[in-house]
Amino acid sequence: MVEGVRTSPRGSGGTGAVPAEASLMERVAAGDEQAFADLYDVVAGPVWGVVNRVVRNGTFAEEVTQEVLVEVWRTAARFKPGKGSTLAWVLTIAHRRAVDRVRSHQAALDRDDRAGRLDFRRPFDEVAESTISNLEQQRVRQCLSALTDLQRESVVLAYYNGYTYPEVAEVLKTAPGTVKTRIRDGLIRLRDCLGVGQ
């Protein structure tokens, strides 16, 4: 506790905390870092208490408390001593920030909930996609069966097994130029069979 900052409580016959805190606020508004450190000692506990009662989460309360104290530092010049005590002003900021955090957190939960409900419908889409994929695979197999044996072997090795042209040529014991021609002709026939680009 900083001497001269916390004085006797209201109604106890003392001078009250407001004048000392108001003086600190004036100095904070002028950029006095030591005054802010002293004010921090006075208000940090009450701020955390107000915030924690609203957000009901220790981690969130710490984060919001820090945000409030940063806002106090940045906006100290806006404080008007005639409109209320320093602590009341700071706690008003704290309460507003805490409510904003709760609303923001609830909005995020609501978004996640909506996304979860959308995801729940996804299996139907997956069934449709799987059916379409199976039909496409059947068509590709039918079109592959229409190729010559040499074309089909070349295309399968290159596009399904991931072989390069030289590797396909080596497996088929064929010249690389011949392999390229087989693959090109095979792909043209596949394209025509599948109706691609039509």
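Visitor: How many disulfides does the structure hold?

Guide: The structure holds one disulfide, a term that here covers a pair of cysteine sulfur atoms within 2.5 Å. This is a predicted model, in which local features need pLDDT of at least 70 and side-chain atom pairs count only at pLDDT 80 or more, while totals for chains, interfaces and linings use all residues. Residues are numbered from 1 along each chain as its sequence is written, and side-chain values use heavy atoms, with hydrogens and water left out.

Visitor: Which residues does the disulfide join?

Guide: The disulfide joins C143 to C193, with an S to S distance of 1.9 Å. C143 lies in helix α5 (residues 122-145) and C193 in helix α8 (residues 176-194), so the pair ties together parts that are 50 residues apart in sequence. Helices here are DSSP runs of H or I with at least four residues, numbered from the N terminus.

Visitor: And is C143 buried or exposed?

Guide: C143 counts as buried at 5% relative accessibility, whereas C193, at 38%, counts as partly exposed. Buried means under 20% relative accessible area, exposed over 50%, and partly exposed in between, with a 1.4 Å probe and protein chains only.

Visitor: Switching to α3, which residues are buried there?

Guide: The buried residues of α3 are A61, V64, T65, V68, L69, E71, V72 and T75. Seen down the axis of α3, these fall within an arc of 155°, so they line one face of the helix; the arc is that of the directions from the helix axis to the C-beta atoms.

Visitor: What does the face turned away carry?

Guide: That face of α3 carries the exposed residues T59, E62 and R74.

Notes
Helices (H or I, at least four residues) and strands (E, at least two) are DSSP runs, numbered from the N terminus.
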